[in-house]
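The sequence and structure come next.

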Amino acid sequence: MSSHDHHGGALPAHPETATLEGKNKVLGFWLFLGGETVLFGTLFATFIALRNQVLDGKSGEELFSLAIVAAATILLLTSSLFSVLAVQAMNRQDVKGIQFWLAITVLFGAGFLGLEIYEFVHYVHEGHTIAANAFGSSFYALVGFHGAHVAFGLLWITLLIIQLSKKGLTTVTAPKVYVASLYWHFIDVVWVFIFTVVYLMGKVG
Amino acid sequence: MAHAHTVKRYSGLMDWLTTVDHKKIGILYLLAGGFFFLVGGLEALLIRIQLIQPLNGFVDGQTFNELITMHGTTMIFLAAMPLIFAFMNAVVPLQIGARDVAFPFLNAVGFWTFFFGGLIVNVGWLYGGNPDAGWTNYAPLSTGFSGIGADYYAIGLQIAGIGTLVGGINFLVTIINMRAPGMTYMRMPMFTWTVFVTSFIILFAFPALAVGLVLISFDRLFDANFFNVAGGGNPVLWEHIFWIFGHPEVYILILPAFGIISEILPTFAKKRIFGYSSMIFATVLIAFLGFMVWVHHMFTVGLGPLGNALFSVSTMLIAVPTGIKIFNWIFTFWGGRIEFTTANLYALAFVPTFVMGGVTGVMLASPAADFQYHDSYFVVAHFHYVIVGGIVLGLFGGAHYWWPKMFGRKLSESLGKVTFVLFYTGFQLTFFVQHLLGLWGMPRRVYTYLPGQGWDNLNLVSTIGAFFMTAGTIVLLINIVLTTMKPKDQPADPWDGRTLEWTIPSPPQEYNFKQLPLVKSLDPLWEAKMKGEEVPAAEPLGPIHMPSPSILPFTMSVGLFIAGLGIMYANHDFVNQSVEKFFHSMIPVYAGLAIILISMFLRSVIDDHGYHIEVEELQKEV
Amino acid sequence: MANHEQVQSSERIKRGPAHEGPRNHFIAFGISMALTLLAFVAVATPEFGNTFKVGFIIILALIQAFVQLAFWMHMKDRGHIFPIVGLATGFFVFLTALFMAVKLLWW
C-alpha cells in the first residue's frame, strides 16, 4: 500500500495504478477533467452566445486565416499522438523512450502556442481586442483559456521529463506521466471543438 | 516492507498550519465556518435593526446594500459550505472505514484557499468598499456601477471556489476508492451517500461559477464586454451563468443536511432508516433535476412562455423526490423509541420546517404566481425556511451529534435545548411573518419603507425574532466554551449509534482504524451490537502508513491571496506615494504567482514518503 | 506482456487488458487527421450550403472527440465507469448551457 514498495524491483504491468495513491490520482484527475468539461462548456456557450456581436469591428470571417489554424491543429494533434507514444514507452518501462516522446510533445506544443501568440498579436493589430466588442471578449476568453492550459501543460511536462531523469520510472512517477498524458489529450479534444466552433464556423459565418 | 522514515512532526500553531489530517482539517473548517457564520449573523442582525421601524436611520442605503450582499455571500459561501465541509472531513472517512482521505495534501489546500478567499471577500470591512451588488452580483450593477467591492467578491469567491472544487474531487475519490472491505455502495451510510452526490454537484456546478466570475473580472479589470450592452454584451448572460451554478449550489448545501438528518433520526428512534434505497434514488434524482431548473430564478426576465413553462415543470418535479425523503423520515421515527436529545430535536424540527420551505418553493415555481412574489419578502421567507429551517437546523443537529466524536467532549444537553428553543422560536418569529409581508407587497432589498402600509408591526415582530436567534446563538457559544473546559471523557459510542464512526475512540487516533473493519451490512455497528459481537476486522494488525505534514498548502494559498489582492489594486489609485509605487503595479501579482508556482514545484519534486506507525506503537496505545 | 500474473501485490488490483501496442493509436491518429482534413475542406468548398457545413463539421468534431477519448484516453477499456460518468455529465451540463446560449439568451 505504501507508495514505494516497488523501488528497485520490476515494476508491475500497470505502474500508474499499481498503488492506491496512483489509482486515486488517476481517478481524481479524470473527475477533474469532468469539471474542466463544464468549464470549457460554459466558455463555449458564452462564445456561441456572443460570437455575432462584432459591432463595427471585424468578424471572424474577415479575421481568421485557415492556413494558420490548420497548421496549429496538425501540431497539437500530432503532439497528442506523441504523448500516447510516451505512455506506450512507459508500458515497456523504457524511461528514455518516455522522455524522448514527452520532449517531442513539448516541442510540438510549444510550436502550437507560438502560432497562437503570433495569431493573437496579428489580431490585436487588426483592432480585434478583448475590449473591442463582445465577440472579441468571448473569443479571447475561450481560446485564451485553452492557450493557458497548453502553457501550463508545457511547464508541467517539462518538469516531468526532468523528474524522470532524476527518479526514473517508479510507482510515484508513473501516475504522473499517465495523468499528464490524459491532460494533454483533453486539451487536444477541446481544441477539436475550438477549431470547429470558433474558426470553421466563424469562416462559414 | 515498512521503511521507517523519520518525519518532522510539529506542535502548536505549526501543527495546525501544516496538518493534513482530515479530522484536524474538519476542526479548522468548523472554526473558520463558525467564525464567518457569526459575522454573517451579525450582518443579519444589523439588517433587522435597520428595518425595525419605518424610515429608520440606523444605517444608510449604501451600508444596507453592503450588509445584505455580505450577509448572503458570507452565509452561503463562507459559513454553510465550510460547515458542511467540516462534517464531511470529520465524519465521512470514519463512516466508510478509511484511514484517511484520498488526497490529504489537497484537502489542506482546499481549506486554506477557502479561508484566504473568504478573507478577500471580507477585506472591505478593513479598507472600505464592500461588495454591494447583492449576493447574486447581477450585471451591469456589479460591472458598471459597483466600486472595488465587486472585485473583492469576484476574486475572493474565485479563490474560495478552488478550495471547494478540490474538496469535492477529494471526497469523490475517497468514497469511490477507499471504502472498507465489504462496504458496498448500497451499504454506505446516508450521510456518506449525500456527500457523494453533493461532491458530484460541486464538480459540475463550480466550474460554471468560476467562468462567470472570470467574465465579471474581465469586464471590470480589462474592459471586456461580456455583460456590457454598449459593447455587444448581454447582462442576462450573467444571470444564466450564475443560476446554472446557483441552483445546484442550493442542493450542494441541502443534500448533506438531509444526510445529517438521516443519521440522527435512526439513531434516536432506534430504527433502521426507512426506505434506504429510495432515499438514495431521491438524492440522485434531486441532484440531476437540480441542473435543469435554473430559469425559475429568472421568470420575470421575460424569456417567453415556452422557457418559463419548461422550467416551471422541471422545478415542480423536484417536489417528488423531496416528498419521498420527507415520508421516509416520518416512517423512520414512526413507531420508534424516540429519544429527545438536542440533536434529535433539531432533526425533528427540521422535517416540518423544511416542508414549509418546500411548499412555498412549489408556489414560486408557477411563473404566473411568481410574477407576484418575485423580489418580495415572500421569496426571502421561502429561502430562509429552506436554508435556516433546513441547512442550519441540520448543521446544529449535526454539531450536537458529532461533537463527542470530533472533540471527545459532549455539548451540554440542557444548554443545547435552551439554544434550540430560543433559536427555533426566533426563526419562526423572524421568517413566518415575512411570508405575509411579501404577500402584502413589501419588496426585498429595500433599506427602509414608509409607514402606514401595514408593514410596521410585522417588521417589528421579525426583528424581535432576530434577537431571539441571536440569543440562541450566544447560548450555543457559551455551551461550546464550557464544553471545551471539560475533560475528554466521552466513550466511543455515546449515543448508542449504528455506523462505523462510533466503533473507534472519541476523538479517534490519527490513523482512525487500527485494523480496517469488515462490513457485512448497512449499520454494521448496530448489527454487531445486536449479535453481541464487535465489528470484525478485515486485516491483521500491521504498520500504518501516514502522510507527512506540509506547510505548502498554506504557502500556496498565501500566494493566491497576494496575487488576488494585487490584481485588484493594480488599477487602483493610492494616496501614499510609496504605497502607490508598489501596489499600483503588477509586482504583487507576480510575487503571488511566484509563491504559488514555487510551492507547486516543491510539491512535485519532493516525494512525500510519509511515515509509518509501527505495530509496537499501535499496541501501546490500546 | 506475459509476465502480468507474476506481479504479486497485497492490494487487489483490477487488471486491464494486456497492453495493446501502438497500432490502434496510429489508426486513431489517421482517423483524426482525416476528419480534420474533411472539416477544413468542407468549409473551403463554396458549393456546400452554410447550414450543411455547420452541421457536418460539428458531427465530424463529435466523432473525432469520441475516437480520441476512446483510444488515446483508454475510455473504451474496463474500469472507466467514473471517467465516463464524469465526462458525460460534464457534457450534459454543457448542453444545458448551450440551450441557454442558443434558445434563451437572445429572445
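## Chain A

Of the 205 residues in chain A, 61% are buried, a residue being buried if 20 or more other C-beta atoms, placed from the backbone, lie within 10 Å of its own. The model is predicted: local features need pLDDT of at least 70 and side-chain atom pairs count only at pLDDT 80 or more, while totals for chains, interfaces and linings use all residues. Residues are numbered from 1 along each chain as its sequence is written, and chains are lettered from A and ligands numbered from 1 in the order in which they are written.

Chain A has six helices and zero strands, where helices (H or I, at least four residues) and strands (E, at least two) are DSSP runs numbered from the N terminus. Along the principal axes, its C-alpha atoms fill a box of roughly 65 × 30 × 25 Å. Two residues are in contact if their C-beta atoms, placed from the backbone, lie within 7 Å. Among chain A contacts between residues at least 6 apart in sequence, 81% join residues at least 24 apart.

## Contact with chain B

In chain A, 34 residues are in contact with 33 residues of chain B. On the chain A side, the elements giving two or more residues are α1 (20-50) and α5 (134-167). The most come from α1(A), with 17 residues.

## Helix α7 of chain B

Helix α7 (residues 149-177) of chain B has 29 residues and reaches 42 Å from its first C-alpha to its last, close to the 42 Å expected at 1.5 Å a residue; the expected span is 1.5 Å times one less than the number of residues. Of the 29 residues of α7(B), 27 are buried.

Terms used:
A residue is buried if 20 or more other C-beta atoms lie within 10 Å of its own, exposed if 12 or fewer, and partly exposed in between; C-beta atoms are placed from the backbone.
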